[in-house]
Amino acid sequence: MLELRIRGVDFRLSLLFPAAIVVLLSLNPSGFPLWCVAASAMHEAGHFLALYALGSRPAAISVGVFGVRVEQAPSSRLGYGGGLLVALAGPLVNLLTFAVLAATTGMTAPALIHLTMGTFNLLPIGPLDGGQALYNLLAGRMDEERSERLCQLVSVASLIPLATAGFYVLIRSGYNFTLLAVSLYLGLLLLFKKK
């Protein structure tokens, strides 16, 4: 783990992240993985721009193989409305980029990557942006404990068809287990968060 502090923000970079990028580029030299990394970077930039626009700042940023985790400074925590806007900012960047790319270049791979990333992250599943947005929306209207329970219920209800679709894709293709693996990963995140 590489750790450094820049202007009061702790940055942590898992060395597995650049290693995973190198492996992906080696296995698929078509440029597709680079478009995925670019779409992810733009997605995260949307979250950070919204965070800073609302007058908040992160205390720590951790970059790993499975994504970016941001810890907010206790002195600059956002309310539920701000949390909702920050959660939606990343997918919004992807969907706007998709619209621009689709209008200018057609339904190309880069455009579809942004569409997929934006819509997938809007799913109302706890660890995803849609789940965070749902929690902030509910917690602004009811107590946090009830909001958390309702979000868990919606997350599980959303994961069941997602995992079923992943299993179907695996059976039909005979090799593509990506959606099923992502569903299981999200399910494990929900399970461990609950404990």
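## Phe 17 and helix α1

Phe 17 has a relative accessible area of 27% and is therefore partly exposed. In this predicted model, the residue belongs to helix α1, which covers residues 16–27. When neighbours within four places in sequence are set aside, Phe 17 is in contact with Val 63, Gly 64 and Val 65. Phe 17 and Leu 4 are 13 residues apart along the chain, and their C-alpha atoms are separated by 16 Å.

Helix α1 also contains Ala 19. Ala 19 is partly exposed, its relative accessible area being 38%. Between Ala 19 and Val 65 there are 9.0 Å in space, C-alpha to C-alpha, although the two are 46 residues apart in sequence.

## Overall fold

The protein chain is built from seven helices and four strands. Their order along the sequence is β-β-α-α-β-β-α-α-α-α-α. The radius of gyration is 18 Å, close to the 16 Å that the globule rule gives for 195 residues, so the chain is as compact as a globular protein of that length. Taken along the principal axes, the box filled by the C-alpha atoms is roughly 45 × 40 × 40 Å.

Of the contacts between residues at least 6 apart in sequence, 55% join residues at least 24 apart.

## Surface, burial and charge

Buried residues account for 32% of the 195 residues in the protein chain.

Charged side chains comprise 13 positive and 9 negative ones. The centres of these two sets lie 3 Å apart.

## Pro 33 in helix α2

Pro 33 is located in helix α2, which spans residues 32–53. With a relative accessible area of 8%, against a cut-off of under 20% for burial, Pro 33 is buried. Beyond its neighbours within four places in sequence, Pro 33 is in contact with Leu 24, Leu 25 and Asn 28. The C-alpha atoms of Pro 33 and Val 23 are separated by 9.9 Å, and the two residues are 10 apart along the chain.

## The aromatic pair

One aromatic pair is found in a search of the whole structure. It is formed by Tyr 80 and Tyr 135, whose ring centres are 6.4 Å apart and whose planes stand at 80°, so the pair is edge-to-face. Tyr 80 lies in helix α3 (residues 80–105) and Tyr 135 in helix α5 (residues 129–139), so the pair ties together parts that are 55 residues apart in sequence.

Tyr 80 counts as partly exposed at 29% relative accessibility, whereas Tyr 135 is buried, with a relative accessible area of 18%.

## Ser 183 in helix α7

Ser 183 is placed in helix α7, which covers residues 178–194. Its relative accessibility is 4%, so Ser 183 counts as buried. Apart from neighbours within four places in sequence, the contacts of Ser 183 are with Leu 159, Leu 162 and Ala 163.

Key
Residues numbered from 1 in each chain as written. Predicted model: local features only at pLDDT ≥ 70, side-chain atom pairs only at ≥ 80, totals over all residues. Heavy atoms only, no water. Helix = DSSP H or I, 4+ residues; strand = E, 2+ residues; numbered from the N terminus. Rg over C-alpha atoms; globule rule 2.2 N^0.38 Å. Buried < 20%, exposed > 50% of the residue type's maximum accessible area, 1.4 Å probe, protein only. Contact = heavy atoms within 4.5 Å. Lys, Arg positive; Asp, Glu negative; His and termini not counted. Charge placed at Lys NZ, Arg CZ, Asp CG, Glu CD. Phe/Tyr/Trp six-rings, centres within 6.5 Å; stacked < 30°, edge-to-face > 60°.
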